Amino acid sequence: MAADKQNDTKVSSLDENKNKSADGGIGLEILQIIKESQQQHGLRHGDYQRYRGYCSRRLRRLRKTLGFKMGNRHKFVGKKITVEMISDSRYLLLVLMEAERAWSYAMQLKQEANTEPRKRFHLMARLRKAAKHSERLEKLCESPRVDAKTKLEAQAYTAYLTGMVEFELQEWKLAMEAFNKCKTIYEKLASAFTEELAVLYRQRVDEISPNIRYCAYNIGDQNAINDLMQMRLTGGGGGMMAEKLEALITQARTKQAATMSEVEWRGRSVPVKIDKARVFLLGLADNEAAIAQTANEETKEHLYETLLAECRDTIQAVREELKSEAKQRERSSDGDSGKVSNLQFLHSYLTYIKLCTLVKRNESMAHTLQAKLKEPEVDEDKRGPRPQDLIRLYDIILQSLAELSTLQGLEDDHTFQKEVSLKTLVYKAYRCFFIAQSYVLVKKWSEALVLYERVLKYAMEVQSKAKSLNNSLKDLPDVQELIAEVNAEKYSLQAAAILDTEETAEVPAKQQVKDNTPLCNRLETFRLDPALVGKQPNLVQFPPDFQPIPCKPLFFDLALNHVAFPPLDDKVEQKGKGGLTGYIKGIFGFGS
């Protein structure tokens, strides 16, 4: 209640600021007010009952503020707002809230009419009342006191509610005319005003477009079905229109299903006699193509959920037939009871489709989370994705693959079993990788390193087994990219573990092995050593140990004693031939 009053105060101030437009008339932002009110009070989650309660409380507060009371607690006295009374935009807002209250009640009844068809009569009465209130709002806006923009918005709002009434009555031509009028007005308003308001007008046009195409299809335009399918891919058309579109697609498939008699899977042709299974299998290719074409993750998730819901309903229908078939077998006591029947094989095929769709959906969600995981966090207060979220997704994938390997009729299909085991190894590797990353976040380096080694082991095993099953790797993630990422993460982790001094100080004694071997002698092994980041790291041994080296060799010339030298007499100077000169030189030492 307090929140309602705060929102009312905010909107009332908005109304007062815009009460007088540029040309001096009374103005009311009809579409902006109803969109803000709907988003803040339940319609973001499809809760029409909550929005209806808000409209009732808002009406009471408006009447009390304006002094526009309908009698007293003992007697009701009906009053109508006339053109002469309009001196404040809140009188127009009063009529608008009455229309919104009736419309929200109609939408609430539409949700309940799925299980209680009688409520459809009440639904139509409330829709007509909403359209009647909108017509009264349009007449009040014809006053010269109201500005031109509010008049146009009132006309568009009336056309929208009138179109909703005719749409429910299946008066396709009248509904199409009303929706086209609404669309034209909003397109003109979008081109004439600011971008902020233009976005609201364009959103309303996008909401109306599927209804227009659906009306055109029912009038006789066969090309409209293609436009409707395209709008379904882009997420257009919600609420009432979404149900109509799904019913239309189912109806078209039912007409085509009459020609379908059997389906072939894993080399075996299986007759399909159940109409629900025919419709589902006929639309399976279209659903898968729609999912492949969709770029919007929210729309893709919706299509996956729709496909899974249809698959579950079809499996339930086949299961009921299996029960009756089992009873007939018991009565007839058929001797060939060991063979898997066609109906049981069809059940296995549908279960295979369901489990494969689950795997694809979770893999798509995992890819989206991985992309967000690599993005830097902008808002620290807002919790972003964590590796633990991805672990849960891969757990579900592995559980689905385990169920695939136990399908009846495929126990002896060795190729199928090998494909499932190969897929299991791939997703085990990815699950192990994100478990390692979750350990990295809490700085458990040893556990993370062991898990990274396990990832490499799984990846190498996949590569060795994939040689004979190349076709099975087309839809699987690339393990080569995973190997490259693991190698990069592994070396980063080792560096972080060495630099994290606080963490290494708390390492258990078993991991802190005291070894005096210097780092240069054990580079090939990784071990947490607190001494490496201390003041005296044991990097090399100093002083180095003495090492034996060869000394300079000694050479003994043993052959010299046995060498006969040639005579040198002819070259030696004879002493007797010197004469007096030689004697004098000898005395004074000149010749020495």
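**A walk through the helices**

Start on helix α17: the face turned away from its buried side carries the exposed residues Glu 481, Tyr 491 and Leu 499. Here, exposed means over 50% relative accessible area, buried means under 20%, and partly exposed lies in between (1.4 Å probe, protein chains only). Helices (H or I, at least four residues) and strands (E, at least two) are DSSP runs, numbered from the N terminus.

This is a predicted model: local features need pLDDT of at least 70, side-chain atom pairs count only at pLDDT 80 or more, and totals for chains, interfaces and linings use all residues. Residues are numbered from 1 along each chain as its sequence is written, and side-chain values use heavy atoms, with hydrogens and water left out.

Stay with α17. Its buried residues are Val 479, Leu 482, Ile 483, Val 486, Lys 490, Leu 493, Gln 494 and Ala 497. Viewed down the axis of α17, these buried residues fall within an arc of 105°, so they line one face of the helix. The arc is that of the directions from the helix axis to the C-beta atoms. An α-helix has 3.6 residues a turn, so residues three or four places apart point the same way. What about length? Helix α17 covers residues 479-499, and at 1.5 Å a residue its 21 residues should span 30 Å; the end C-alpha atoms are 30 Å apart, which agrees. The expected span is 1.5 Å times one less than the number of residues.

Now step back to the whole chain. It has 19 helices and two strands. Of its 592 residues, 40% count as buried. The accessible surface comes to about 36000 Å², and 52% of that belongs to carbon and sulfur atoms. Such areas come from the Shrake-Rupley method with a 1.4 Å probe; for residues, only the protein chains shown count as cover. Among contacts with a separation of 6 or more, 66% are between residues 24 or more positions apart. A contact means heavy atoms within 4.5 Å.

Leu 407 shows contacts on a local scale. This residue lies in the loop between α14 (387-404) and α15. Leu 407 is buried, with a relative accessible area of 7%. Leave aside its neighbours within four places in sequence, and Leu 407 is in contact with Ser 348, Thr 351 and Tyr 352. Leu 407 and Gln 344 are 63 residues apart in sequence, and their C-alpha atoms are 9.9 Å apart in space.

Helix α2 (residues 30-40) is mostly covered, with eight of its 11 residues buried. Among them are Ile 30, Leu 31, Ile 33 and Lys 35. Gly 42 follows α2 and has a positive phi, near 115°. Lys 35 also joins Arg 204 and Glu 207 in a network of salt bridges.

What is a salt bridge? A side-chain nitrogen of Lys or Arg lies within 4 Å of a carboxyl oxygen of Asp or Glu. Side chains of opposite charge can pair when their charged atoms come close. The whole structure holds 17 salt bridges. In one of them, Arg 431 meets Asp 395, at 2.5 Å from N to O. Arg 431 lies in helix α15 and Asp 395 in helix α14, so the pair ties together parts that are 36 residues apart in sequence. Arg 431 is partly exposed at 27%, and Asp 395 is partly exposed at 26%. Glu 112 and Lys 119 also form a salt bridge, at 2.6 Å from N to O.

Next, the backbone. Most residues other than glycine have a negative phi, and most peptide bonds are trans. Gln 170 is not a glycine, yet has a positive phi of about 60°. Gln 170 lies in the loop between α6 (148-168) and α7 (172-192). Lys 443 is not a glycine either, and its phi is positive, about 60°. Lys 443 is in the loop between α15 (414-441) and α16 (445-465). Gln 170 is partly exposed at 48% relative accessibility, and Lys 443 is partly exposed at 40%.

Where is the cis peptide bond between Phe 542 and Pro 543? Omega there is about -5°, and Pro 543 lies in the loop between α18 (501-505) and α19 (579-588). Phe 556 is also in the loop between α18 and α19, and is exposed at 67% relative accessibility. Leu 554, Phe 556 and Leu 558 make a nonpolar surface patch of about 440 Å². Patches are made of residues with over 30% relative accessible area and no salt bridge: like charges are joined within 9 Å, nonpolar side chains (Val, Leu, Ile, Met, Phe, Trp, Tyr) within 5 Å.
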